[in-house]
Amino acid sequence: MTGSPAQRIDQLRDLIRHHDVKYFVENAPEISDREYDALMRELRELEAQHPALVTPDSPTQRVGEQPLTGFAQVRHPVPMLSMDNTYSFEDLKEFDRRVREALQVMMVTYAVELKFDGLAIALQYDKRAFVRGATRGDGVTGDDVSLNLRTIRSLPLRLAETAPAGAFEVRGEVYMPRKEFERVNAERERNDEPLFANPRNAAAGSLKILDPKITATRGLGLFIYGAGGDLGLKTHHEMLAALWKWGFPVSHPVQLCHGIDEVMRYCDTWQEKRRELPFDTDGMVIKVDSFAERRELGTTAKYPRWAIAYKFPAEQAVTQLQRVEFQVGRTGTITPVAHFDPVHLAGTTVSRATLHNFDEIARKDIREKDFIVVEKAGEVIPYVLKSLPAKRSGEEKKIHEPKACPVCGGPVSRYRESAFVACENQACPAQVKRSIEHFASRAAMDIEGLGPAVVGQLVETGMVKDYGDLYALKATKLERLERMGAKSAANLVNGIDASKGRPLAKLINALGIRNVGEALARALADAFHSLDALAEAGIGQLQEVPDVGPEVADSIVLFFGNKNNRSVIEKLRAAGVNFGREEKAGPALPRTLSGKTFVLTGALPGISREDASEIIRRLGGSTSSSVSKKTSFVLAGSDPGSKFDKARALGVEIIDWDAFVKLAGKANVEAARPAAGGTAGPGEGELL
Ligand SMILES: [Zn+2]
C-alpha cells in the first residue's frame, strides 16, 4: 500500500470516480466489473477502519441507510418553466419567424437535441460537490429528492477539477431505460403490485420512493441539458461541452442547425431512428444557441421565447366503441367520454377518450358500436380521430345530447352558444364533488386524505354542500363514514386545518374560477396580494395582469359577483383561511421618469430586466420592446443585442445601469425595486 490510509482513500475515490464516468457517462469502461468491485471493496474496508475519513461525496455513500419520512419542499432559485410545444412544422416556422423578428436577424443558429420522456430535475453544486436535487414540482417549489438522486450512478457526487468551484445549478431529466422498465414491471407483476403505465411514470415513481435503497435498484438514468449561474459560457453547445468535461452525463446527440429548414430536416431523421434508442423520446427540443440572443428574447409568463419542443406525430389504432358515458365536471359541463376496446398506443394501454362535446360527435358522425380510429402521442390524452362508416353492421346507435343532467336530472343548457352542454343546477352533486376534489388537490389547497371516495360520501350524506363547509367538519362525525377509522378521521381534520395557511396563489386556484388555472392564479396573487383586492378588481384592472385577457377578466368578475360564491368565501374567511396580506400603501413614489420611454437590452448588473422594467413603470416611465424614434433611452447591459445597433443608427441615447440610476435618482430606484423572490435572477437564459 502506498502512503497513509487517508492518501490511499483519496486515491481510490479518484479512481472509482474516473471509472464511474467511463462506465455510466461515456459507456466506455476501461476495467472489468471485477476490478471495479475490488477497488470499491478496498475503499469500503479502509473507510470502515477509519470512520472519521468518510465524506458525503465518497462513492461508498451513494445509498443512504435510513428510509425517509417525507420530502422537504424547496423553492427553485430560478423558476423551472415548461416549454411551448407543437406537433407541426408550420408552428416551427412560425416560431422561427418570431425569433428572427425579435432579434432583427436573417438567420438563427439553433441547438437541437432529443426530448427525453422523463422527470425534470434541478441539481445544485457547490465547491465541485453535489449539494441538493429537487423535482420540478409546480415550477416554483419542488420536492427535495437528493437522497434518491444520489443513487443514480451517472450523477457526479464530485466534479472534475476543471469545473467551477462556485455554486451553480444544472438541470436535466431522470429517465428509465426501456429494458429496465420491462424488468421492473415483470418483478411487480410477480409480486402482485400495480404496474407502471410507461417508463416516465416508472421514473417518477422511483424518484418519489421514501427508501433510497429501493430507488438504487431501479437503474435510473440521467441527462443534463442546462446550467445556470455565471459560468462564463456564451452558447448552448459550448455549455454542453463544458458540462461533459466536468463529469456530467449531458444530453446527446446535439446538432447545431443553421436556420429552421435544417432543424426540420434533422427532426425528420429521428422520426424512425428514435425507436433504436434504449430509452423513450417523444420529440426534439429546439433552442436558440446564443445566450446573448436568449436574453434578448426573454420569457413569457409560462415559456421561454427562445425554445420550443417539436413532438413526433401521434400513433393511431382502430378499435370498437362500446359505449359513451356523460361526465359532469366542476363547472357543470357535460363531457361525453368514449369507452372502447383496449388498444396499445404510444407506450400505454388506452380504453377511453374524451369526445369533447356534442358538436364534435355530430361532425365526426360517431355512433355507439362504431369502429373508430384512436390517436395518441406521448403523454397527451388519447383522441378519437374519426369513425369508419364503411365497417358499420347496422347495429350502431346515434349519440344524443342529454336533455337533463345525467347525475341530478336537473335542467341543462348550452353554455354561451358554445358547443358545451352544462347542468344548470348549482347544487348538482357531480359539480359539488368535482369542485371539492379540485379544491383539495395538490396544486390547490393540498389536503391529504380528501380523495374522490371521501368527497363522494361527504356530499352524498349532506355533511358538506360546498368546500366552505370542509372547515367545520369534526372528527367524531367523520368517523361514521365508510372505511374511516378514528385515526384517519383525525388525520383528515388535521389536513384540512393545515390547508388554512396555504399561499394566496393556491387559494385562488382552489376556488375553481372558470379559465383560471395554476399559472394565472400565481400571476393574480402577485398582482393583487389579497383575495379581497382581487374580488374588488374591475375588468380593466384585471386585464393589466400579464396573460389576463377579456374572457379571463370576465370569468373572475362573474365569479366574485355570484352570491353563492360570496357566501362560500365568507365561510373560508370565518374559518381563518389565509386571504393574503393587504398591500400597505407606502409613500407615493416620485414620477421622475414620467414621459420617458425605455428599451432594455443585454444583461443588467444585479437586476433582471423584468425588475428593471417594473422600476421604470413605478417611477412613471414606460418600456417598449423595440427601438424607434420615440425611444428616449436604450438601457444596455452586457452582451446587448441588435437593439443596441439600431439605437446607434437612429441616434437614440444609450445609457448603462449606473447612468440610469443617476437619471432616476438612487433612492427612488431602491424604493421602487420589487421585493426579492418574485422574478428570476441571473443566468435564467441558460437553464431549462
Ligand atoms: Zn346536475
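**Figure 1. Phe660 is a buried residue with a relative accessible area of 0%.** Buried residues have under 20% relative accessible area, exposed ones over 50% and partly exposed ones a value in between (1.4 Å probe, protein chains only). The model shown is predicted; local features require pLDDT of at least 70 and side-chain atom pairs pLDDT 80 or more, whereas totals for chains, interfaces and linings use all residues. Residues are numbered from 1 along each chain as its sequence is written, and side-chain values use heavy atoms, without hydrogens or water. Phe598 is likewise buried, and its relative accessible area is 0%.

**Figure 2. Aromatic pairing of Phe598 with Phe660.** The model contains 21 aromatic pairs, a pair being two rings of Phe, Tyr or Trp (six-membered ring) with centres within 6.5 Å, stacked if the planes are under 30 degrees apart, edge-to-face if over 60 and tilted otherwise. The ring centres of Phe598 and Phe660 are separated by 5.5 Å and the planes meet at 85°, so this pair is edge-to-face. Helices (H or I, at least four residues) and strands (E, at least two) are DSSP runs numbered from the N terminus.

**Figure 3. An aromatic cluster that includes Trp246.** Together with Trp246, the residues Tyr125, Phe130, Phe168 and Phe248 make up one aromatic cluster.

**Figure 4. A salt bridge between Lys287 and Glu113.** There are 36 salt bridges in the structure, each a side-chain nitrogen of Lys or Arg within 4 Å of a carboxyl oxygen of Asp or Glu. In the bridge between Lys287 and Glu113, the closest N and O atoms are 2.9 Å apart. Lys287 is part of strand 10 (residues 281-288) and Glu113 part of strand 3 (residues 109-116), so the contact ties together parts that are 174 residues apart in sequence. Both Lys287 and Glu113 are buried.

Figure 5. Arg97 is partly exposed, at 35% relative accessible area, while Glu101 is exposed, at 54%. Glu360 is buried at 16% relative accessible area, and Lys364 is buried at 12%.

**Figure 6. A salt-bridge network of Asp14, Arg17, Asp57 and Arg158.** Shared partners connect the salt bridges of Asp14, Arg17, Asp57 and Arg158 into one network.

**Figure 7. The buried and exposed faces of helix 9.** The buried residues of helix 9 include Ile260, Val263, Met264, Tyr266, Cys267, Trp270 and Gln271. These residues cover an arc of only 165° around the axis (directions from the helix axis to the C-beta atoms), so they lie on the same side of helix 9. The face turned away from this buried side bears the exposed residues Arg265 and Glu272. Among the elements covering the buried residues of helix 9 are helix 3, strand 3, strand 9 (254-258), strand 10 and strand 11 (307-311), contact meaning heavy atoms within 4.5 Å.
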